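User: I am new to this structure. Please show me how to read a few of its features.
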Amino acid sequence: MFKLKLPTDPRWANIAEGNIEEILTDHAWCEQKAATNAITLITMLPEYPEMVTELLAIAQEELDHFNQVHETIKKRGYTFGRARKDDYVNQLAKFIVQGSRDELIIDKLLFAAMIEARSCERFKVLTENIKDEELKVFYRELMISEANHYTSFIGFARQLGDPETVNRRWEEWLEYEADIIKSYGNKETIHG
């Protein structure tokens with residue numbers, strides 16, 4: 001899926017299902033951070049009105065997902081905890097090139113695409129492996145949405161830069177992500 005080099009071990013779903021309250025809280029904060037990231041990208045791309053419009057829609061959709069996860073937490077009687085540090089995302093951020101403005105924006109778009117791709121893949125693993133029928137349906141719906149976000153971010157990067165150069169850089173992102181994801185998949189967090 002999305003040419004990810006290292007798929008998630010399906011046993012991660014068992015870890016996640018062992019503490020649904022924690023996975024839902026972590027997931028809620030991931031959605032909030034995704035909305036914030038989309039808004040940050042808007043501030044970097046004001047001269048591209050079509051991209052701004054689509055990024056605004058993504059930000060609103062991510063906030064809607066945040067709300068859906070928060071409502072699920074409340075409905076189940078869980079406690080919504082504080083934001084979690086996302087070590088996976090922090091490690092990915094180290095790969096963002098600090099070159100020209102255009103290079104930085106393209107890399108931030110690829111960074112966003114990578115997070116969406118891995119999140120989507122994790123939602124698929126949950127959909128296929130957990131016993132909780134309500135959450136299976138919930139994560140299947142989110143999986144589709146995240147796939148659309150991934151496609152948008154990759155498309156924006158290709159619009160802003162030479163598509164061949166962007167594709168080569170995406171391959172570098174895939175290799176980098178494959179190396180760091182080896183350390184994850186053993187916690188009840190979306191990326192952990």
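User: Which helix gives the most residues to the lining of the largest cavity?

Analyst: Bear in mind that this is a predicted model. Helix α5 gives the most to that lining, with 3 residues.

User: How many cavities of 30 Å³ or more does a search of the whole structure find?

Analyst: The search finds 1. The space in the largest cavity is about 30 Å³. Its lining is made by L45, E47, Y48, R101, D102, I105 and L160. By class, 4 of the lining residues are nonpolar and 3 are charged, with no polar ones.

User: What does K108 touch, leaving out residues up to four places away in sequence?

Analyst: K108 touches L41, M44 and I96. Take L41: K108 and L41 are 67 residues apart in sequence, yet their C-alpha atoms are 7.9 Å apart in space.

User: How are two packed helices described?

Analyst: They are described by the angle between their axes and the distance between the axes. Here, helix α6 (residues 133-160) and helix α7 (residues 163-181) pack at about 130°, with axes 8 Å apart. That angle makes α6 oblique to α7.

User: Which residues meet where α6 packs with α7?

Analyst: From α6 come Y150, I154, A157 and R158; from α7 come P163, V166, N167 and W170. The residues of this contact divide into 6 nonpolar, 1 polar and 1 charged.

Technical notes:
Residues numbered from 1 in each chain as written. Predicted model: local features only at pLDDT ≥ 70, side-chain atom pairs only at ≥ 80, totals over all residues. Heavy atoms only, no water. Contact = heavy atoms within 4.5 Å. 1 Å grid on protein atoms, 1.4 Å probe; cavity = no way out; pocket = protein on both sides within 12 Å on 5 of 7 lines; lining within 4 Å. Points joined across faces, edges and corners; volume = space filled by probe spheres on them. Helix = DSSP H or I, 4+ residues; strand = E, 2+ residues; numbered from the N terminus. Nonpolar A, V, L, I, M, F, W, Y, C, P; charged D, E, K, R; others polar. Axes fitted to C-alpha atoms, helices over the stretch in contact; angles between N-to-C directions. Parallel < 35°, antiparallel > 145°, perpendicular 65-115°, else oblique.
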